[in-house]
Amino acid sequence: MTIRVQDPGLETTVQDTGRLGYYSIGFPPSGALDSFAYHVGNALVGNEPGAAALEAVYLGPTLEFTQDTVIAVTGADIPAFVDGEEIPLWESVAVSAGSVLSFGQLRAGARPYVAVAGGIDVPLYYGSRSTYTLVGIGGFQGRALRAGDELAIGSDARDPKAGRRLNPSDVPVHPSTAEVHLLVGLHSYRLTEDSLARFTDTEWKVTPDANRVGYRFRGAELEFVPREQPFGAGSDPANVTDCGYPVGSVQVPGGVEPIVLLQDAVTGGGYATLGTVVSVDRDRLAQTKTGDKTRFVPVDLDGALEVRRDRHAALDRIRSALS
Amino acid sequence: MGSHKITSRTPGVFYHRPSPDADPYVTTGASVAEGDTVGLVEVMKTFHEVKADAAGTVSAFLVENEDEVTIGQDLVELET
Amino acid sequence: MTATDTDTETRYDFGGDEFVYVELSPAMSLPVHFTSLAITRRLAEEAIPGVEEIAPSNASYMVRVDPDRLHPRDLVRELQRIEGEVGSLSDDLTIASRIIDVPIMLNDPWTHEVLMKFRDRHQDPTGTDLDYGARINGYSSTEDFIDALAASPYLVTMMGFVPGLPWCFQLVPRERQVEVPKYVRPRTETPERAFGFGGAFAVIYPVKGAGGYQLFGSAPAPIFDGEQRLPDFAENDSVVFFKHGDVINYRRVDQAEYDDVRAQVDAGTWRYSYKDLEFSPSRFLADPDGTNAAMKEVLYG
């Protein structure tokens with residue numbers, strides 16, 4: 001039983017919860033950028049929590065199913081159709097053999113997810129089915145899908161059923177100005193006080209250079225505190241002695257165009273970082289698109305942990321309601 | 001005779017030509033068939049071809065080369 | 001100089017809700033790195049529930065924590081305790097290491113072609129990266145600089161950026177260490193297996209891609225093998241070859257030997273030559289050149 005890719009969209013990849021545990025040899029986690037949409041999709045179709053799904057961006061793929069199954073489209077607000085009939089988002093839908101899933105023009109958000117009962121069956125690579133295209137490993141042949149690809153569907157769905165629906169009040173909205181929580185720190189002392197304040201005061205615009213590796217923003221210039229550079233760092237004021245980068249950390253090479261590192265990012269390097277986006281708020285970044293605005297709202301550690309706890313509690317409640 | 005606007009399906013940067021040294025895909029006054037490429041939108045270092053979704057004659061470009069565009073933004077006007 | 005003789009002011013900080021970042025010093029030095037190694041080794045042995053991943057790096061380290069099981073502030077207290085305990089033990093620290101022969105062609109045609117394309121992003125648009133590195137490090141000729149780059153082995157003090165990339169710190173006293181800035185603006189292109197240098201670190205780029213390090217040469221043998229086709233990768237069941245704590249001896253080769261290694265790689269028969277050894281930081285710091293000579297003796301006999 002397979003899915004035939006008729007049109008891959010812009011960049012559609014197989015993703016799961018990610019490849020954790022290999023950061024120290026340079027593997028970023030990869031995995032679904034919008035973790036909430038991914039987990040709810042699996043819960044809707046009755047999969048175990050770690051089943052692999054498809055993540056698209058801006059343009060949905062066109063997919064043909066060769067056998068009856070159950071699917072759910074979550075994430076971005078985008079019209080989805082089965083054989084030309086619009087289907088509800090955030091709801092499990094039965095599709096029959098020969099049916100074709102297609103998408104219209106994105107209304108809000110950036111990344112739709114397609115969960116399929118049984119999950120996408122690709123080989124595990126270092127413990128995960130997630131695609132990491134930068135070095136060409138994981139997922140379907142280590143790359144984004146192409147027309148003509150045939151994806152196997154797994155057979156271990158727990159309880160596939162059409163008609164499961166996410167409570168409308170739980171459906172995330174995708175405002176054109178996203179707010180994400182930022183724990184300021186790491187090498188924030190390298191920036192002047194004015195610049196740090198400017199960073200959290202500015203409405204940053206998402207540039208076209210925004211993908212699974214990271215999001216680059218425009219909106220203000222930031223200045224570094226002059227210093228004699230420590231040995232090992234290199235002479236540029238944006239440089240520090242090469243170190244690990246937390247997933248979600250923010251760097252500002254040259255003081256312009258800050259970059260938030262996401263799930264396919266480099267794991268370390270020599271640019272000063274000024275803080276880290278709280279993990280659950282990467283979901284929100286994943287649903288912003290080129291041209292959208294983002295504000296970074298400063299929180300302390302307790303605030304960051306509270307945001308995390310609230311979001312995880314909501315997901316737990318949703319999962320038990322759907323099971 | 002009517003007019004039809006070709007819109008962008010992705011956000012990104014609009015280009016008139018396939019590469020900096022190449023001729024533009026189409027110029028004002030050119031006739032295009034449905035499915036013809038009329039420009040490129042670059043996003044995430046990927047180039048997405050903008051295709052005419054109707055046949056007609058190009059009457060105007062509604063964005064400049066290298067303008068940033070949003071989803072649904074009008075790019076090219078056709079007389080149909 | 002001993003392993004404990006450092007002026008570090010350790011800085012503990014939180015990388016969001018899931019990471020703790022510990023900077024032992026803003027500057028790189030071997031004593032600081034060895035302290036970081038001692039702490040992360042101990043942390044791994046203690047297997048504290050909630051510690052998900054430990055990533056040692058040059059003069060710092062990072063821990064991924066599950067804050068639902070271990071509060072990041074409690075983790076910091078554990079790390080401070082461990083730092084206090086291992087500080088006095090560092091003289092006895094030894095590292096299970098390997099000394100590895102890594103052929104390298106310096107001033108090679110492939111990186112030369114790429115670096116000439118990006119002169120507008122470089123500090124010195126008129127010369128090459130090697131000429132620039134030689135000049136700012138006070139060498140009278142580029143050839144002398146190349147000799148120095150390959151004269152003494154390097155320690156792998158960090159892995160990452162992309163899978164398998166080793167940050168290598170040359171095992172020589174500070175006054176003989178090379179330091180160069182990164183490109184003014186990063187290149188959009190770096191050849192696969194390029195040998196680069198940035199800050200005080202040499203690297204080999206495992207795959208082609210963007211990059212900001214000075215380009216000095218090219219390695220004929222792969223350091224990342226996603227399909228584990230070569231025996232070094234298949235037998236170790238790993239897609240990356242280098243490990244944190246390895247000692248790398250970059251050995252200059254000419255184009256004929258470079259081509260010969262490439263042919264072995266293509267035939268699937270290439271193997272690195274290496275020997276296991278116990279690396280003692282304190283012994284090294286007491287006698288760098290003597291220790292290097294002894295390690296090369298182990299490798300080449």
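## A buried glutamine in chain A

In this predicted model, A:Q287 has a relative accessible area of 3% and is therefore buried, given that buried means under 20%. To find A:Q287, look in the loop of chain A that runs between α3 (282–286) and β20 (293–299). What does A:Q287 contact, once its neighbours within four places in sequence are set aside? The list is A:D34, A:G75, A:A76, A:G109, A:A110, A:R111, A:Y113, A:H174 and A:D292. A further pair to inspect is A:Q287 and A:A178, which are 109 residues apart along the chain and have their C-alpha atoms separated by 8.7 Å.

Another loop of chain A, between β17 (259–261) and β18 (268–271), holds A:T267. Is A:T267 buried or exposed? With a relative accessible area of 4%, A:T267 is buried. Beyond its neighbours within four places in sequence, A:T267 touches residues of its own chain, namely A:Y23, A:G26, A:F27, A:P28, A:G244 and A:Y245, and also C:G160 and C:F161 of chain C. A:T12 lies 255 residues from A:T267 along the chain, and the C-alpha atoms of the two are separated by 23 Å.

That link to chain C leads on to the chain pairs. Which chains share the most contacts? Of the 2 pairs of chains in contact, it is chains A and C. Chain B and chain C, on the other hand, do not touch, and their nearest C-alpha atoms are 11 Å apart.

## Two residues with positive phi

Most residues other than glycine have a negative phi. A:L186 is not a glycine, yet its phi is positive, at about 60°. This leucine sits in the loop of chain A between β12 (177–184) and α2 (193–201). A:L186 counts as buried because its relative accessibility is 2%.

In chain B, B:K45 also has a positive phi of about 60° without being a glycine. Its loop lies between β4 (37–43) and β5 (46–51) of chain B. Is B:K45 buried or exposed? At 61% relative accessibility, B:K45 counts as exposed.

Chain A contains 4 helices and 20 strands. Its radius of gyration is 20 Å, close to the 20 Å that the globule rule gives for 323 residues, so chain A is as compact as a globular protein of that length. Chain C has 9 helices and 12 strands. For the 301 residues of chain C, a compact globule would have a radius of gyration near 19 Å, and the value of 20 Å for chain C agrees with this.

The table sets out some further values for the two chains.

| Property | Chain A | Chain C |
|---|---|---|
| C-alpha box along the principal axes | roughly 65 × 40 × 30 Å | roughly 55 × 40 × 40 Å |
| Buried residues | 64% of 323 residues | 59% of 301 residues |
| Accessible surface | about 11,100 Å² | about 11,600 Å² |
| Carbon and sulfur part of that surface | 48% | 48% |

Contacts can also be sorted by how far apart the partners are in sequence. In chain A, residues 24 or more positions apart account for 75% of the contacts with a separation of 6 or more. In chain C, residues 24 or more positions apart make up 66% of the contacts with a separation of 6 or more.

How far apart are the mean positions of the positive and negative charges in chain A? Chain A has 28 positive and 40 negative charges, and their mean positions are 1 Å apart. Chain C carries 29 positive and 49 negative charges, with mean positions 3 Å apart.

## Annotated spans

UniProt, in an unreviewed entry, lists "domain: Carboxyltransferase" for residues 24–314 of chain A. That span is 13% helix and 31% strand, with its end C-alpha atoms 32 Å apart. For chain B, the UniProt annotation "domain: Lipoyl-binding", again from an unreviewed entry, covers residues 3–79. Residues 3–79 of chain B are 0% helix and 49% strand, and the end C-alpha atoms of this span lie 5 Å apart.

Key. Residues numbered from 1 in each chain as written. Chains lettered and ligands numbered in written order. Predicted model: local features only at pLDDT ≥ 70, side-chain atom pairs only at ≥ 80, totals over all residues. Heavy atoms only, no water. UniProt positions renumbered as here; feature names shortened; annotations may be inferred. Rg over C-alpha atoms; globule rule 2.2 N^0.38 Å. Buried < 20%, exposed > 50% of the residue type's maximum accessible area, 1.4 Å probe, protein only. Contact = heavy atoms within 4.5 Å. Areas by Shrake-Rupley, 256 points an atom, 1.4 Å probe, with all protein chains shown as cover. Lys, Arg positive; Asp, Glu negative; His and termini not counted. Charge placed at Lys NZ, Arg CZ, Asp CG, Glu CD.
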